[in-house]
Amino acid sequence: MQHQPTYYVAIIIPTLNEEHFITRCLESVLGQTYPTEKTDIMVVDGNSTDNTCAIVRALGKNHPNIRLLSNPKRYQSIAFNIGVAASDSQYIIRMDAHATYDQQYVEHCVDLLANHPEYGNVGGVWDIRPQNSSLIARANALLNQLKFGIGGAAFRMGATAQAVDTVPFGAFRRQVVEQVGGMREDLARGEDNEYNARIRKAGYTIWLDPAIRSTYYARATWSSSCKQMYSNGVSIGNLVYIDRNAIGLRHLVPLAFVLALTLSLIAACFTSYGWYAFGVIAGAYTLAAIVADIDACCKHGWEYVLILPPLFFSVHVSYGIGTLIGLVRK
């Protein structure tokens, strides 16, 4: 039996029906300044029904370090664990098929991990772009960049180098992964939040460096954006019971908003004070949304002026309801 070559870096890319993104993702990985022959590129597929697997196999014919692995249970956390188990690489980078990566992405990750043993996970910032030229696709991309839109995570805001609670597409030393264990396979989403909390508990720093850059393609439709936010909210509700250190105050703001709005409406059925409370809450939110809308339009264009406020509201409510459902179900 031929011995599997030893690579220095394992790149794990979970996929499920990613035929529209996987080619550009893999091309950006193959175009890294870090030597390609030192990277083990594993696409861990969750039973795609489109052409994802055929595309990966075709690319693998010309690039023997591209491997296609199977993930019947589909969860991204399981895909990560499958990739870790299938590799003996010193460094492990979890990537996403919905993104492309700056040419020095891998090189920067490896350099930071090699020179800073105190770092348990390193990552960078997103350049968020729309999937197409439609107004809603562009609005969704803008939404992901706004603090009022989807929170103030440092990797979305283009922050300076700093210690953070989470980074996208993390890079790890194998010894850290072996120390803290694999990702929780019972989490459909939010596995990275829980994993980073575990890494911090082990005494390591989660480090964000803006030199590590990737381009992320936001959801293209209104419904897909709301669905994504609902699923993210459910994961936060689950994490409240699993590890409260895995979530921050910003994750619970949509839940507080939904509860306050709902409870004030219920109270309004019995007392006029309920209508007063509802008016104050709705009015304060509307004012904040308008201010955020005007600020965004001044910077990015006035074509978003009518679409951003209802988009704000729908994704915030979707996230808040998802969090509530996660809490109740758990």
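Start at C298. Its sulfur lies 7.3 Å from the closest cysteine sulfur, in C297, too far for a bond. A disulfide here means a pair of cysteine sulfur atoms within 2.5 Å. C298 is exposed at 55% relative accessibility (exposed is over 50% relative accessible area, buried under 20%, partly exposed in between; 1.4 Å probe, protein chains only).

This is a predicted model, in which local features need pLDDT of at least 70 and side-chain atom pairs pLDDT 80 or more, while totals for chains, interfaces and linings use all residues. Residues count from 1 along each chain as its sequence is written, and side-chain values use heavy atoms, without hydrogens or water.

Next, select C53. It is buried, at 15% relative accessible area. Its closest cysteine sulfur, in C25, is 14 Å away, too far for a bond. Across the whole structure, the search finds zero disulfides.

Now show α12, residues 272-300. Helices are DSSP runs of H or I, at least four residues, numbered from the N terminus.

- Buried residues of α12 include Y285, D293 and C297.
- The buried residues pack against α5, α6, α11 and α13.
- At the N-terminal end, T271 is the cap: a side-chain oxygen sits 3.2 Å from the backbone nitrogen of Y273.
- Just after α12, G301 has a positive phi of about 120°.

Finish at S225, in α10 (residues 222-242). S225 is buried, at 3%. Its contacts (heavy atoms within 4.5 Å) include L143, R219 and V315, leaving out residues up to four places away in sequence. The side chains of S225 and N140 make a polar contact of 3.3 Å (N or O atoms within 3.5 Å, one able to donate a hydrogen and the other to accept it within protein; residues adjacent in sequence count only if both atoms are side-chain atoms).

Note on methods
Helices (H or I, at least four residues) and strands (E, at least two) are DSSP runs, numbered from the N terminus. The expected span of a helix is 1.5 Å times one less than its number of residues.
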